[in-house]
Amino acid sequence: MVKTWKKRKVFPILTIFWVLAILILTLTPARHVEQFTWPFAIPYFDKIVHWTMFYAFAYLMLGTFYYRGVNKKMMRTAFLVFGLGFMLGLITEVLQEFVPGRSPEMKDIIANTAGTLSGIGMFLLLNK
């Protein structure tokens with residue numbers, strides 16, 4: 001088991017890098033993203049990716065607060081993380097309007113929000 005003081009340092013660093021990864025992946029022009037193809041088609045693969053990115057974001061963000069001692073107000077913190085995840089997802093979708101070859105999609109916002117809620121739920125379930 002990793003000691004709490006290590007988690008206090010690791011979670012914020014991972015969260016920052018994960019947010020940067022989300023921004024890079026969602027705001028990269030389409031011509032660069034199209035280079036990465038799979039040998040087989042997976043239906044709604046991009047929605048699975050959106051869900052996964054925001055699941056990890058919510059889990060890491062809640063972990064950051066939890067190991068910083070905010071665990072006494074976890075429901076309030078969970079609502080804050082939900083708001084941050086929703087806003088991050090909404091902002092990245094709006095910014096895609098200005099990225100060549102990208103366009104905002106309501107289904108992406110739904111996948112982002114579902115991922116955020118799932119990450120919050122899993123963290124709360126595992127850290128009762």
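Predicted model: local features only at pLDDT ≥ 70, side-chain atom pairs only at ≥ 80, totals over all residues.

**The core and the packing**

Modeller: The largest nonpolar core has 17 residues, and Ile-22, Leu-62, Val-81 and Ile-120 have the most contacts inside it. A nonpolar core here is a set of buried Ala, Val, Leu, Ile, Met, Phe, Trp, Tyr and Cys residues joined through side-chain atoms within 4.5 Å. Buried means under 20% relative accessible area, exposed over 50%, and partly exposed in between, with a 1.4 Å probe and protein chains only.

Colleague: Which helices each supply at least two residues of this core?

Modeller: Helix H1 (4-26), helix H3 (45-70), helix H4 (74-95) and helix H5 (106-126). H3 gives the most, with nine residues. Helices are DSSP runs of H or I, at least four residues, strands are runs of E, at least two, and both are numbered from the N terminus.

Colleague: Fine. How many helices and strands in the protein chain?

Modeller: Five helices and zero strands. The pattern along the sequence is α-α-α-α-α.

Colleague: And what share of the 128 residues is buried?

Modeller: Buried residues make up 36%. As for contacts (heavy atoms within 4.5 Å), take those between residues at least 6 apart in sequence: 78% of them join residues at least 24 apart.

Colleague: Back to Ile-22. What does Ile-22 touch?

Modeller: Met-53, Phe-54, Phe-57 and Leu-88, not counting residues up to four places away in sequence. The backbone oxygen of Ile-22 also lies 2.7 Å from a polar atom of the Thr-26 side chain.

Colleague: Is Thr-26 buried or exposed?

Modeller: Thr-26 counts as buried because its relative accessibility is 2%. Thr-26 sits in helix H1. Setting aside neighbours within four places in sequence, Thr-26 contacts His-50, Met-53, Thr-92, Gln-96 and Arg-102.

Colleague: What about Asn-112, buried or exposed?

Modeller: Buried, at 2% relative accessibility. Asn-112 is in helix H5. Apart from neighbours within four places in sequence, Asn-112 contacts His-50, Phe-54, Gly-89 and Glu-93.

Colleague: New topic, helix pairs. At what angle do H4 and H5 pack?

Modeller: About 155°, with axes 9 Å apart. Axes are lines fitted to C-alpha atoms, for helices over the stretch in contact, and angles run from 0 to 180 degrees between N-to-C directions. H4 and H5 are therefore roughly antiparallel. Under 35 degrees counts as roughly parallel, over 145 as roughly antiparallel, 65 to 115 as roughly perpendicular and the rest as oblique.

Colleague: Which residues make the contact?

Modeller: On H4, they include Met-74, Ala-78, Val-81, Gly-85 and Gly-89. On H5, they include Asp-108, Asn-112, Thr-116 and Ile-120. H4 passes H5 in a right-handed crossing. A crossing is right-handed if the near helix is turned clockwise from the far one by less than a right angle, and left-handed if anticlockwise.

Colleague: And how do H3 and H4 pack?

Modeller: At an angle of about 145°, with their axes 10 Å apart. The crossing is right-handed. Contact residues include His-50, Phe-54, Phe-57 and Leu-62 of H3, and Ala-78, Val-81, Leu-88 and Glu-93 of H4.

Colleague: That leaves H3 against H5. Where do their axes come within reach, and how do they cross?

Modeller: The axes come within 7 Å and cross at roughly 40°. That makes H3 oblique to H5. H3 passes H5 in a right-handed crossing.

Colleague: Now Tyr-59. What does Tyr-59 touch?

Modeller: Phe-11, Gly-119, Met-122, Phe-123, Leu-126 and Asn-127, leaving out residues up to four places away in sequence. Tyr-59 lies in helix H3. Tyr-59 is partly exposed, with a relative accessible area of 23%.

Colleague: Last one, Val-10. Which helix is Val-10 in?

Modeller: Helix H1. Val-10 is partly exposed, at 41% relative accessible area. Val-10 and Tyr-67 are 57 residues apart in sequence, and 9.7 Å apart in space, C-alpha to C-alpha.

Definitions and conventions:
Residues numbered from 1 in each chain as written. Heavy atoms only, no water. Polar contact = N/O pair within 3.5 Å; in protein donor to acceptor, adjacent residues only side chain to side chain.
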